[in-house]
Structures are given as structure tokens and as C-alpha cells.
Amino acid sequence: MRVLLVEDDLQIGQSLLRALQDADYSVDWVRDGIAGSAALSAADYTVVLLDLGLPGMGGIELLKRARDRGNAVPVVILTARDDLDTRVQGLDVGADDYVLKPFLVPELLARIRAVLRRKAGYAVSRLGDENLCLDLDKRTLTCNGNTGALSAREFALMLALLERPGTILSRDQLEDKLCGWGKEVESNAVDVLIHSVRKKFGNSVIRNVRGLGWTIMLGNQAAG
């Protein structure tokens, strides 16, 4: 999951960089608005953490330009400005959430997860059914009563499959979903991850469709 952090304060930026990396996010950090705008034009991000008081170009202007270009990436504003007009302006321009400094990292991570759930159309923090369930907040998988933790890339794999249960995803599609979860995607990454998940939860958790790819069938689909 690739994050763009636009924050000019060195101490805050370094602290957030470490915290996000510890939470298994891949982070690009820039320290002025012009660089932030250029990064948004050049790469696809899962979420943007945006300070408002930036050199070169303010955060509000950066956000406005991104939205004018049709960029719908989720944006969480991080700022010490707590006046109502600034908050309203940020939200009206297109921010998805607003976190006041100083803040605690666990709260920020929870806000990020909530924004991403809303963007993806999830009303709850779980995907699946009573037999196979992925917890989006805890990053755990429950399969037939057995609950276990997932690595960042195992989580990315299961998220991709459970977002579209019953749909066959090719190797290229799954590799694309793994981008941004740390390290480059090796040629055998999908096979290694599927083997790892099956070892934890059983061979039937992920189904192979020979020559096409992999899929997950939930209980109601299997019955049909």
C-alpha cells in the first residue's frame, strides 16, 4: 500500500515515515507542495497525507489541482490549523479526512483505514463470510475457526482475492496488487505467498484454476 507523505517539518516527517513503514506501508516523503504535486502526477498512491503549511505551494492549492485533474486518491489533511474556515475549505476542496496536530499515530492509522474502507465501499472492517473472514484492521484471516496473522504481502494477496470472490485473478493482476507492499515483486512472489497462506489455513483456502489464475469461493458461491 503506497503512501505519499507531504510534510515539510523534518521531525514530524521522520516520525511518520518510521511509523508508516512499521505498519507495512510503502512511503514516498516530499517536503514541499511543488514536489508533492509532481509526485501525484507521476505515480499512483493508495492515500495521501497532506500538510497545509507547505513551501512552494500550499496544501489546499495542491489538493485543488489534483482534484481538478481528476485525481480521486484519498487525502487525509494533517495540520495544526484548527479554525473552522480552514477545515471547511479543506473538506470542500476534496479532502477525505482531517487530523489535527499533535495526534497519536494509532489514531492516524485508524483514520487511514477508515478512509480506505469508505473509498472501497466497505461499511465494515471485514471481508468474507462466517467460514472465511479477513479482518481489515487487525490484518488477520479466519478460516473455519482458525485465526492467524498475515504478513503485509499475504494480507495484500487475500484482500485482492476477497474483494472479488469467485473472480479468477491472473498472476499479473495479483502481482499488480502486491506493488507498494515493500520490496520489488519477484517473479515467484505469488506462488510463494499462496503456498504460505495454504500452509497456515489449508490448501482449499485459495483455489487454482489451471492456466488462468486463482480465486476464492465463499460458502454461498460454492453451494451455488
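Leaving out residues up to four places away in sequence, Asp-51 touches Val-6, Glu-7, Asp-8, Gly-59, Leu-78, Thr-79 and Lys-101. Bear in mind as we go that this is a predicted model.

So is Asp-51 buried or exposed? Asp-51 counts as buried, because its relative accessibility is 5% and the cut-off for buried is under 20%. Its side chain also has a polar partner: the side chain of Lys-101, at 3.3 Å.

Now, where does Asp-51 sit? It's in strand S3, so let's look at the sheet around it. What is the strand order? Reading across, you get S2-S1-S3-S4-S5, an open sheet of 5 strands with parallel pairing. The edges are strand S2, residues 26-30, and strand S5, residues 97-100, and each of those pairs on one side only. From one strand to the next, the twist averages 20°. As a reminder, strands of a sheet pair through backbone hydrogen bonds, either parallel or antiparallel.

Let's zoom in on one pairing. Strand S1, residues 2-6, runs parallel to strand S3, residues 47-51, and the two are joined over 4 bridges.

Helix H2, residues 33-42, lies across S1, S2 and S3, and runs at about 160° to S1. Helix H3, residues 59-68, lies across S1, S3 and strand S4, which is 75-79, and its angle to S3 is about 150°.

Okay, over to another aspartate, Asp-129. You'll find Asp-129 in the loop between strand S6, 126-128, and strand S7, 132-135. Asp-129 counts as buried too, since its relative accessibility is 18% and buried means under 20%. Its side chain reaches the backbone nitrogen of Asn-131 at 2.9 Å. And which residues does Asp-129 contact beyond its neighbours within four places in sequence? Those are Leu-218 and Gly-219. With Gly-219, the two are 90 residues apart in sequence, yet 7.4 Å apart in space, C-alpha to C-alpha.

Last stop, the rings. How many aromatic pairs does a search of the whole structure find? It finds 0. There is something over the rings, though: Arg-139 lies over the face of Tyr-25, at 5.5 Å from the ring centre. Arg-139 also lies over the face of Phe-155, at 5.3 Å from that ring centre.

Definitions and conventions: Residues numbered from 1 in each chain as written. Predicted model: local features only at pLDDT ≥ 70, side-chain atom pairs only at ≥ 80, totals over all residues. Heavy atoms only, no water. Phe/Tyr/Trp six-rings, centres within 6.5 Å; stacked < 30°, edge-to-face > 60°. Lys NZ or Arg CZ within 6 Å of the ring centre and 35° of its normal. Pairing = 2+ DSSP bridges. Axes fitted to C-alpha atoms, helices over the stretch in contact; angles between N-to-C directions. Contact = heavy atoms within 4.5 Å. Buried < 20%, exposed > 50% of the residue type's maximum accessible area, 1.4 Å probe, protein only. Polar contact = N/O pair within 3.5 Å; in protein donor to acceptor, adjacent residues only side chain to side chain.
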